[in-house]
Amino acid sequence: MVETMHWQQGVLELLDQTHLPQECIFIACRDYERVKLAIQRLEVRGAPAIGAAAAFAMVLGARQLADKPDFLGALNAVRADLISARPTAVNLSWAADKQYQLAVKLHEQDYAPYKIIGELEKAAVKIYNEDIARNKKMGEYGAAVLPQDAVVLTHCNAGALATCGWGTALGVLRTAHSQGKLRMVYADETRPLLQGARLTAYELAEDDLPVTLITDNMAAWTMKTKGVNAVIVGADRIAANGDAANKIGTYGVALAAKAHGIPFYIAAPVSTFDFTLTSGEQIPIEERAAEEVKSFRSEQTAPAGVDVFNPAFDVTPSELIAGIITEYGVIRAPYIENIQELQKQSKEDF
Ligand code: MRU
């Protein structure tokens, strides 16, 4: 399985996903600013992977600031700067806040900065390792809801590459495959940056899972003609009523699934829930540069002066979601009540 990142002797090495599938190049991040840049450029992307990278970036930031008289104040500024890198995936603030709160707690116990840095490092490694374990748990719960001979459509990349390993939506498919339940995965190519084509098709093929690539505008027809019996995608932020933000195009896929009577599932860890938001309308949606739509890898594909709308995410209303697969089990309607229950169960994770 491809590795998204590793922490080696105090350096965060990130797989540069913008070069996939052609090249596997790792970027050595020695300061937090380089991690922030990697998040903005989508060199590391996918909500849980962004979260883990931010946890390590807080270690790098703390190391850069160890001699500052106001160590905590400066670390808080690093936290805020990191969070500003991308607005939609809540895992980013979940991890950066968690690390900052740990530093505050240890500071109150009179830990010196160098000891705080050591503890932040241990906490980041824990977030990384737990992400993989949580994905495997999600895989078990998710595989159980799939039919035998599952034909699954997915959008974007919610795989090993979007996490610390195994994946959320693709983790479910990996587990289903190991149980002999998976007949085929249809992967939407996912315009404009082709996470489905470049990343999902790549990582599933690398691991010998059955995968067929389609363009985004083939999704509804594929559902109608190819026996698709489930849709599974990841999420970047889930509101307290179950509305879920994910890569642009997900909402259309959910509508098409509804029209064909196909269950539409989200797979996401609790760190992707934002219990403070009552509905998906409050989820901030990132808008990215027009160039991403007008060109691909510097090849122009549209008139240079044309107006562009480029939201990176959309929100699928919970009425269209058959279930949210988490590491605590599958959450179903009524979402408000069942998400409140999940919040109680997962208190330690926040
Ligand atoms: O812009 P990206 O590539 O970071 O968007 C990623 C997605 O939308 C994923 O589906 C989501 O983060 C879930 S990852 C397990």
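Start with Q195: an N or O atom in its side chain is 2.9 Å from an oxygen atom of the ligand. That is a polar contact, a pair of N or O atoms within 3.5 Å; within protein, one must be able to donate a hydrogen and the other to accept it, and residues adjacent in sequence count only if both atoms are side-chain atoms. For N246 the corresponding distance to a ligand oxygen is 2.7 Å, and for a polar side-chain atom of R45 it is 2.8 Å.

A word on the source. This is a predicted model, where local features need pLDDT of at least 70 and side-chain atom pairs pLDDT 80 or more, while totals for chains, interfaces and linings use all residues. Residues are numbered from 1 along each chain, and side-chain values use heavy atoms, without hydrogens and water.

Next, T88. It sits in the loop between α3 (71-83) and α4 (91-108); helices here are DSSP runs of H or I, at least four residues, numbered from the N terminus. Is T88 buried or exposed? T88 is buried, because its relative accessible area is 0%, and buried means under 20% (1.4 Å probe, protein chains only). Its side chain reaches the backbone nitrogen of E286 at 3.1 Å. Beyond four places in sequence, T88 has contacts (heavy atoms within 4.5 Å) that include D236, R237 and F313.

Last, the two helices. α3 and α4 pack at about 175 degrees, with axes 9 Å apart; axes are lines fitted to C-alpha atoms over the stretch in contact, and angles run from 0 to 180 degrees between N-to-C directions. So α3 is roughly antiparallel to α4, the word for angles over 145 degrees.

Conventions: Buried means under 20% relative accessible area, exposed over 50%, partly exposed in between (1.4 Å probe, protein chains only). Angles under 35 degrees count as roughly parallel, over 145 as roughly antiparallel, 65 to 115 as roughly perpendicular and the rest as oblique.
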